[in-house]
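Here are my notes on this one, as numbered points. Have the model open while you go through them.

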Amino acid sequence: MNNGLAIILSGPSGAGKSTLVKKVNQWIPGMLFSISCTTRAPRPGETDGVDYHFISQEEFEKGIANGDFLEHANVHGNYYGTPKAPIMDAICNDKTMILDIDIQGARQIRASLETSPLSQSIEYIFVAPPSLEVLETRLRKRGTETEEVIQKRLKNARTEVQAWQEYQFLVLNDDVEIAARKLESIIRAALCKTHRTIWNP
Ligand code: ADP
Ligand code: 5GP
């Protein structure tokens, strides 16, 4: 059984991925969230094992060597990786899992599963801000990064947004309620795909 659904969300830092996922989670019960491993330091309010598995570079490299990651990438100067076991478990057990993965990681997954039946279990969604100016305002307002880190993320955002057409879906996050309803609709539509549905007329 490979009837589960993995929803990959990409988009520049500050685009609103976490915000939209929190909203949609209230409307679609039972969704799971992939908890990535990262070498970046926790932000105030973030909890180890909930927001991320915060690990050292050495532990991360061990994970790579063990083949523990579905994909991994250096994003804004830190390592991020998706643990393989939970996502495989979700797909094989008919669950829906949301993954927040940058464009490099999404490319790796797309390439590695190109000829695999698992590829039909994955939907790729790009979350975009209305403009880079709005993105900057939101990142500053969030107040979770230093000026240096904000500058790095904004610089990377210019490259990241170029990748939007690699995705099957675009959710433009202007009005947050409308954007969250669009994300909900995409997930609900994906859940209705025939290969994921059992019907015996
Ligand atoms: P990401 O997870 O993509 O890095 P966040 O969800 O943390 O982004 O959103 C970045 C900031 O922008 C947060 O402070 C959030 O409250 C705010 N935000 C998200 N969506 C909107 C929106 N549609 N309008 C205004 N502010 C938003
Ligand atoms: P943040 O530090 O703001 O939580 O995340 C920074 C960036 O890392 C975001 O673009 C997010 O999509 C990406 N990211 C988070 N987890 C993973 C992961 O497991 N793999 C990859 N490739 N990127 C990730």
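1. Which backbone atom lies 2.9 Å from an oxygen atom of ligand 1? That would be an N or O atom of G16. Before going on, a word on the ground rules: this is a predicted model, in which local features need pLDDT of at least 70, side-chain atom pairs count only at pLDDT 80 or more, and totals for chains, interfaces and linings use all residues. Residues are numbered from 1 along each chain as its sequence is written, chains are lettered from A and ligands numbered from 1 in the order in which they are written, and side-chain values use heavy atoms, with hydrogens and water left out.

2. Staying with ligand 1, a polar side-chain atom of S18 lies 2.6 Å from one of the ligand's oxygen atoms. On the nitrogen side, N173 has a polar side-chain atom 2.8 Å from a nitrogen atom of ligand 1. On its own, ligand 1 has 570 Å² of accessible area, and the protein covers 74% of that (areas by the Shrake-Rupley method with a 1.4 Å probe; for residues, only the protein chains shown count as cover). In total, 13 residues surround ligand 1, with G14, S18, T19, R142 and N173 the closest (a residue counts as near if one of its heavy atoms lies within 4 Å).

3. Now ligand 2. E71 has a polar side-chain atom 2.7 Å from a nitrogen atom of ligand 2. Taken alone, ligand 2 exposes 510 Å², of which the protein buries 96%. There are 18 residues around ligand 2, and R40, Y52, Y80, D100 and R153 come nearest.

4. R43 sits in the loop between strand 3 (37-38) and strand 4 (53-54) (strands are DSSP E runs of at least two residues, helices H or I runs of at least four, both numbered from the N terminus). R43 counts as buried, at 18% relative accessibility (buried is under 20% relative accessible area, exposed over 50%, partly exposed in between, with a 1.4 Å probe and protein chains only). The side chains of R43 and E145 are joined by a polar contact of 2.7 Å (a pair of N or O atoms within 3.5 Å; within protein, one must be able to donate a hydrogen and the other to accept it, and residues adjacent in sequence count only if both atoms are side-chain atoms). Leaving out residues up to four places away in sequence, R43 touches R142, T144, E145 and R153 (contact means heavy atoms within 4.5 Å).

5. Where do the buried residues of helix 3 point? Helix 3 covers residues 84-92, and its buried residues are I87, A90 and I91. Viewed down the helix axis they fall within an arc of 95°, so they line one face of helix 3 (the arc is taken from the directions from the helix axis to the C-beta atoms). Their cover includes strand 1 (5-10), strand 2 (32-33), strand 5 (69-75), strand 6 (78-83) and strand 7 (96-100).

6. Two backbone angles to check. Most residues other than glycine have a negative phi. D94, which follows helix 3, has a positive phi near 65°; D94 is partly exposed, with a relative accessible area of 43%. H76, in the loop between strand 5 and strand 6, has a positive phi of about 50° and is buried at 12%.

7. S121 is in the loop between helix 4 (103-112) and strand 8 (122-128). S121 counts as buried, at 0% relative accessibility. Beyond four places in sequence, the contacts of S121 are N2, G4, L5, A6, I91 and R196.

8. On cysteines, a search of the whole structure finds zero disulfides (cysteine sulfur atoms within 2.5 Å). For C92, the nearest cysteine sulfur is that of C37, 20 Å away. C92 is partly exposed at 35%, while C192 is exposed at 59%.
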